[in-house]
Amino acid sequence: MASQCSLATLFPLQSELDVSLDEATTQEEKQSLVDEYLKKLDEREDLKIPDFQPGLEWLNTEGPLSLHKELAGKVVLLDFFTYCCINCMHILPHLHQLEKTHSVQDGLVIIGVHSAKFPNEKVLDNIGSAVLRYDICHPVVNDGEARLWHELEVSCWPTLVLLGPRGNLLFSLVGEGHRDRLALFAAAALRHYGARGALRPHAVGVRLYRDSLPPSVLSFPGKVAVDGGGGGGGRLAIADTGHHRVLITSLAGHLLHAVGGPESGRQDGDLSEASFNCPQGVAIRGDSVYVADTENHLIRKIDLLQGKVSTLAGVGTQGTDREGGAPGPQQPISSPWDVALGTAGGVEDNVLWIAMAGTHQIWALFLADGKLPRGSDSKAGTCVRWAGSGNEENRNNSYPHKAGFAQPSGLAAAPEEPWSCLFVADSESSSVRTLALKDGAVRLLVGGERDPLNLFAFGDVDGKGVDAKLQHPLGVAWAPEQSLLYVADSYNHKIKVVDPKTKLCSTLAGTGEAGDALGPEFSKACFSEPGGICVSGGGRLLYVADTNNHQVKVLDLVSKTVSPLNIVTESTDSAKPSPPTKAPPLPRSAARRELPPVCVSAGQTVVMTLTLSLPDGAKLTDEAPSCWALSAEGSERLLGGQLVTGDVVDLSRPLRVSAALPAAVEESDRGARLTLSVWLYYCLEAGHACTMKAASFSQPLRIGSARRSSPSGTN
């Protein structure tokens, strides 16, 4: 029996081929070199690798796979990856293209070997969410303890290993940027072994994980942003990443615009025709929405007033330039993950800051003429690197170009004194960093490690500065009224709060375990890899993109409650129906009143009328979403399985909410009740004190089978 080997045996053999390929000038010459190389390898019997360990968890398959059984007679490409890694994400389009070119029946099978960096990435459900997010359609094995990684002596993510039909080593490619060579090697291996009759056309039991999931209004929302000013206040922009679109809603969740989706694309033009590819970062100001169109490697602008989408930066393919300086549409960029509006040596909001995850840098796109700290003047439209050497490091430095970031994924601007900085969620170093707006100095705020090369200093520890520990944070949001920074500590499934003055980082919400509970207290609420966060209502509300739960959740910092943002989709550009859901929880201080039962009939319309008033000198807060919700808990079918919601904007007239009962009722409906809940955010003009009051009114129904001739009303 042939002995099993590692990549250390293969590298000396392949290095000679790699040198020859670099010197070759024609495709025919390269193919001939690879063919000769494969003939030599076939003479060796010491290149067989170990099989997958028994008992491993698999995704996208009907069961475990073995190199000696299901995969025998196939050319197998092993993709060693971890789902947090931007470099691993960059090669996925090349794998998708390879799968389109060569099918399983042709003899090629791609296997994703997930070898986790973070503890959170060892959990099968979390890997499954990543498989869905990245649209991975080939089998994936959860090698949580990295057994095969160590046996083959793999050294970094990503690493590609191509095997022959006997489980024998053929080629290895380390890192990204090998698309052409990967295509050359795969085609040559299939041609070589096909000519020798060593390939088998049998199918491999593939069962896609995505086919078992129900549809949802949101799919892996990435980032969420609130309108920071201008004429369009009171709106949210949501990156509905999995649906390849951007939603614009009211703060209470009423859908105003849906741009893009459901399929990926890169089309500019009218809102109804535009398309995106896994958008992440969003920033909204007035009628302008700026979008980090991540997998298109573009920065886009949605002009709601003109009804148009345009490209501001990027060429549509991944760039490797680490300097920039060209006009936006001519400047290649790489995996922009977040955007934030700011000011740089010019008029207000003249620059769009970009977290360029693909090159581990912070870039600037000038919307008007301006100047970077320690930089030269830049004309409108210029897209240029501001901070970060491009090396993946946790390196702080007084000079922005000498600093190093590690996959920066979230931005929050704090332009006011004494902060005057950008807060950066530096995901792969598990830290939050500051980038000074005056001179570009990069400093640590919380998390990470003093050693700039240690990207494994993660955990879940409340504390100050470097003593605090985070796990792959993706989002940050600044509340200027309270001078507090909120952090989406994604892989800890928590929301944390940082006081930048003391550098104290503490847990605000979340248990530390992935879940989807609303509380009732913050400490009992559960999230699943929240990726985005923003602040509204004068620092009283947090909107959290709870990515793997396919929701946006609202944290009320006054009442200490968590509720889902229920997206109401009627009268929109394009949208899917809202799924059944529950009413947001009421704070303990909420007034609760049960009304006398009323007799109604099947098919009748029930109208609930409520008169609302505020204390003298008070007015509704413009920035916070006063709203109402009508629910029928336990009898959701009475409302068609929907939670009916709306904004409260005018107290001069009674709130009137109607519900048409089904024409046919069931026995279980006869003791049903409707509950009308209201949440009012208001401020007292004297002293500018602001608060929130909530109340609920429960209306028992005695439903008969005979239809009445007129609506029933309760007051």
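Pro 418 lies in the loop between strand S23 (408–414) and strand S24 (421–426); helices (H or I, at least four residues) and strands (E, at least two) are DSSP runs, numbered from the N terminus. The peptide bond that leads from Glu 417 into Pro 418 is cis, with omega near 0°. The model is a predicted one, in which local features need pLDDT of at least 70 and side-chain atom pairs count only at pLDDT 80 or more, while totals for chains, interfaces and linings use all residues. Residues are numbered from 1 along each chain as its sequence is written, and side-chain values use heavy atoms, with hydrogens and water left out.

At Gln 407, phi is positive, about 60°, although the residue is not a glycine. Gln 407 belongs to the loop between strand S22 (382–387) and S23. Another cis peptide bond runs from Trp 157 to Pro 158, with omega near -15°. Pro 158 is found in the loop between helix H5 (147–152) and strand S5 (159–163).

The domain assignment divides the protein chain into domain 1 (7–212), domain 2 (221–565) and domain 3 (591–704); such bounds come from an automatic or database domain assignment. The centres of domain 2 and domain 3, taken over C-alpha atoms, are separated by 35 Å. Their contact (heavy atoms within 4.5 Å) takes 12 residues from domain 2 and 11 residues from domain 3.

Between them, domain 2 and domain 3 bury about 890 Å², 59% of it on carbon and sulfur atoms. Buried area is the accessible area (1.4 Å probe) that two parts lose on being put together, summed over both. Ala 252, His 254 and Arg 540 supply 46% of the area that domain 2 buries against domain 3, more than any other three residues. Between these two domains the count of salt bridges is 0, a salt bridge being a side-chain nitrogen of Lys or Arg within 4 Å of a carboxyl oxygen of Asp or Glu.

Over the whole structure, by contrast, a search finds 26 salt bridges. One of them joins Asp 35 to Arg 191, with the closest N and O atoms 3.2 Å apart. Because Asp 35 lies in helix H2 (residues 27–42) and Arg 191 in helix H6 (residues 179–195), the pair ties together parts that are 156 residues apart in sequence.

Over residues 461–501 the chain is 0% helix and 46% strand, and the end C-alpha atoms are 19 Å apart.
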